[in-house]
Structures are given as C-alpha cells and as structure tokens.
Amino acid sequence: MASHNPPLDALVVPSEDYHQSEYVSARDKRREFVSGFTGSAGLALITQKQALLWTDGRYFLQAIQQLSDQWKLMRIGEDPSEDLWMADNLPADAAVGVDPWCVSVDTAQKWIHAFSKKQQKLVQTSTNLVDEVWKNRPPPEINPVIIHPLEYAGRSVEDKLKTLRAKLSQEKAHGLIVVGLDEVAWLYNIRGSDVSYCPVVHAFAIVTLNSAFFYVEKRKVSDEVRLYMEKNGIEVRDYSAVITDVSSLASNQLNMSSSSIDIAGSNGTKVESQSSGLIWADPAQCCYALYSKLNSDKVLLQQSPLALAKALKNSVELDGLKNAHIRDGAAVVQYLVWLDKQLQETYGASGYFLEGDGVRKPKPSDSEKLTEVSVSDKLEAFRASKKHFRGLSFPTISSVGPNAAIIHYGPQAETCAELDPESMYLFDSGAQYLDGTTDITRTVHFGLPSAHEKACYTAVLKGHIALGNARFPNGTNGQQLDILARVPLWKDGLDYLHGTGHGIGSFLNVHEGPHLISFRPRARNVPLQASMTVTDEPGYYEDGAFGIRLENVLIVKDADTKFNFGDKGYLSFEHITWAPYQRKLINTSLLTSEELDWLNSYHSKCRDILAPYLDESEKAWLNKATEPIPA
C-alpha cells in the first residue's frame, strides 16, 4: 500500500471475484486470506493503522470467533456502513485502493459519492495487492465446459438469444455485457465446476443485436463444445479478451470473425444501427474495470434482463426441480432414520420419537463417536446414491447446541463438536442434481427438549406455515410477505437476523435472484411472479444455547381464489420439499386448527411421495414420524 503509486491510505478487499459471485473459487478467497473470516459475505478494509471487517447478521458470532484481536468487527445494520466510515474516518484527500475487477459499478459509485465530501479518491489498482502477498495462492483449475442438455434446460440457446435481442431492441440497446456466472451458464445452456457447489464456468459473455461472444479459458473448451457454440452463432474468445472487446463495443467496432456464423438474419430480430444504441450493463454485477471502458452516457445501467428470465422457470425446469426434491427428501429421511438409530445405539438417546432422558452409555471411542462433520458426510453419501447427483449445493451446516446459534456455521473436522442427544441439532443442506438444485433445513432433538425449546420451535413452525400458505395479489414483493413468517415470533418478543427466502437455481446457484423474501429494502425491487422458486426459512437463535430453522422450497403459482379484486390475479405457493417436522418439538396447544390440518396434510403427502424411494424399515419410520396429530 505504501509503495503503490499513489500511496494508499486504505485498501478495500471485497469477498467477490471478477463476476461479483457469492461463492468464489479457492484462489479468489482474498478477503478470507487477509482476515481469517470464512463466511460467504463480508468486506475487509485495511488502513495504515487499522483493520475492519463488515458482515451481516448471519455471521456476527462466526466473525467474533474467527477474527483476531487485530481486527474490528463492523456489524451491518448496527455500525456505520463502510462508505460512511471511510468518508468520516479517513483523512481528506485519502487514496482508497480497490481491485476494479472485484467491485461492482453500484458499489464503486456509492463510494465515490461518499468520498466527494472530503476530496477523497477511489484508486483502481492495476494489480490485486492481496495476490502480491499471497505466496501460496491456489493455482487456477482447468475444468471442462459441459453442455447442459435441452431435456433439462427446457429452452434452446437460440430461443433465449432471440428473446434477449428483442429486449435489447425494446430498450434501444445494441449490446449486453453478461458478467454473472450463472447468467452466462443459463443463457448458453452450459455448466461447469470452476466454483465449489456452483455448477458454473469462469466466463463472460457479450451479446449484441447480431453477434454473441463467450469469453473463457480456451483449454476448458472441447471440440464438441466449440462446435456447439458455433452452431448457436457464438464465438469463443479468450477470457482475458473481454476488456479489449468491451472497449471495442464502446466504439462500435466489436465484430465476429469471418469464420463465425452470423445468425442475425435467422433470429427474427431486426438488426439496428449499433452507433445509436446503448450498452446494457447490470450495475450490481458488472465490475468497475469493464464499466470504466465504456462511455458513461452511452450505458444503460439496469438490472440484467437475464436475471428475471432465469428466475421464471419453464415447465421442464419446474418438473425437474420437483423430481430432484423428491429424491432429496428421500435422502434426508434415510439420514434421519440412520441418525436416530446411531444416537440410540451409541449414546443411549431416547431417540426421535420418545421424550425422556434415555439410557446413559459409556463414552464412545474416537472411531465410534458422531461429530457434526462425520454425520454430515453420511448425509452426503445418502444424496450421492440418488439419480443425477452432481455434488452439494453449499457446505452443509451441521450444527449441534450452541453451534446452531451461528446462523451460517461451517463445521471443520479438527474443531467440530460431538453430537449431544440432549441438545438441538440443526442441519441446513442441499444438493446439485442434473435436473434441479435443492436446499432444506430441519431442526431435531433426540433427547428431552425443554418447554422453551418447544415453544420457540413451534413459533418458527407457525411462521413457516403462515408464509407457505399465503395468498397475495400479483405485484406483491418479498418485503411485504416477510412479516408473515415473523409475526408468531414477534408475539413472544423473538426475531431472527436473516432474510426469510431466496430464489433457487435449476442445477445452478442455490441462492438466486432477483427476488427474495426479506426485511431488507432490496426485497421491494422485484415482485413475486408465477413459476418463480423461493425458500421459506424462518428461524430463531439463542446465543450460547441453540438455533432453530425450518426451510422448504416453494414454487410460486396462480391461486384459485373465490374473487379477483381489481382484476390483479392472485398467487400462492406450492411446497416441493418433503421431509417431516419433528412431532415432539411441537407444542400442539399453540397451533390453530388450520395449522394442524396443514401439518397433517403435508405429512400425509410426505408418506405417499417418498415411500417408493425407501425400504420397508425406512417406510415404517416415516409412517411413525408422519402419523396424524389429533386435534
């Protein structure tokens, strides 16, 4: 920082990679390298005398545990935001460095505005300073690009490009810079393995009214993929060429090579003069390095048209997601059956069904004991046995007792806790299948839960049911719905510090926008629409004691209402996640008759839907777990 030209008063180290990804590859975990904090969200700021880390409520406890005393934790929503802190605490004329590839247009412009009060300046570093001191930085991986078959994608690349070009014409734009890895993968019907848990390829795309480009490390592209791209009118170029091509796009000089196929005449889109059009860039995803090559008054800074198109699942994707969740539900039930048996045999636990102290057994040996990691490995094995399994969709949150109060806890084999039958156990997990992505959370107790634990679990369940059963008019956004999941907790003065729901990909990222269900203002931006997916995951966390979360994936669908006020049309949700809620954690006296009816109906469907995937002993366990609860 001191030897940089100009010398830097501060350096920002974001969590994101060149594509503003939530989950990044090992060599892009720069913020984790400098801070030691492993959460997926956060921003590090290093000045000549201080080191600060901002993160959100999911990670407060984790950050406290992982940060050394050289770091100060800044709690998003409680402490000043990073732009205000820098503007107020750094000297006038301060130079603040950032790698412009790792920061979005939105974020960079927010900082520049904040810095203007004291003539501070944002400096784009020509190299990443963290990389210069990261001696053992992992090398780049060369993983192949994979074609995602139409039988799972449901829409052809030709159809997607035709729709996109019509949107460009409508917005008087002649080109779109595609930066998000999941958007590139969705648009070109490809997948990869460049980022753990996310089946994506490190790549950019540029689409104009009469051309399309795919920027990728060429060693990842087989002859089959190259021919596939050519057939779809897409030219493959080197990953590093994107910055010069963005400059060419800005000066209306970006052209396909003569060997590429020009599909302008066959896509049904009228080709307009490029010189009069805008260049479309998503300010939340486009990195500042690329934006800096554009003429700012010729840029359409607007959410990518691919974000909503990807979120609105087609019928093939919806069927695939439903089937994937059935197989996934079977794996979760098999896991619960196995875990119930192991805890009874190894620890003398009373088990999943009985409330009691159990039978004390001698402390198990190291080879026999169950840990947060060893049991989550078993859950992964059950999933891996299922058709179309391609890996996990995020690191499994397997957490017992106080660890479950760390919202995004990540157990490590060397330090994780042993399972305790007298403590709550929360597992939040999911998988990538060729036909869909899954995400489910259940919280269970294999001993004697306290009345307080039961009351908290029941309040979370009531919120979960209330949101899942909601009916609402078209145009309703996720911020308006978020309250439904919280009201039962609020009645007892309880709450949780995370959002309530996120979209989910179709064999893509487990967290998918542009919509979400949350108290955060950005949940107002996009109304929910039929054929979107969204999770329903309220929770409650008591520091040092326990954590509770329940999560199902829902599909938004048209509701069959008696009336249709304002001719708006109404929407509702369809559950596609199948696994039981633990009867002994529910204080049924707190449930209304409608809630009880829903619970019994859901459990009845679980039995019918999962039975074909289970053996006789597993079916018997599930039948017991889903017995009707009397009114």
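Cys286 is buried, at 1% relative accessible area (buried is under 20%, exposed over 50%, partly exposed in between; 1.4 Å probe, protein chains only). The model is predicted: local features need pLDDT of at least 70, side-chain atom pairs count only at pLDDT 80 or more, and totals for chains, interfaces and linings use all residues. Residues are numbered from 1 along each chain as its sequence is written, and side-chain values use heavy atoms, leaving out hydrogens and water.

The structure holds zero disulfides (a disulfide is a pair of cysteine sulfur atoms within 2.5 Å). Cys286 is in none; its nearest cysteine sulfur, that of Cys287, is 5.3 Å away. Cys456 is also buried, at 2% relative accessibility.

Now the strands. Strand 16 spans residues 397-400 (strands are DSSP runs of E, at least two residues; helices are runs of H or I, at least four; both are numbered from the N terminus). Ile397 and Ser399 point one way, Ser398 and Val400 the other, and all are buried. Strand 16 pairs with strand 17, residues 424-429, in the antiparallel sense over four bridges (pairing takes at least two DSSP bridges). Within strand 17, Leu426 stands opposite Ser399.

Next, a helix. Ile483 lies in helix 16, residues 478-490. Ile483 is partly exposed, at 37% relative accessibility.

Last, an annotation. UniProt, in an unreviewed entry, places the domain "Creatinase N-terminal" at residues 8-127 (positions follow the numbering used here, feature names are shortened, and annotations may be inferred rather than shown by experiment). Over residues 8-127 the chain is 27% helix and 22% strand. The end C-alpha atoms of that stretch are 13 Å apart.
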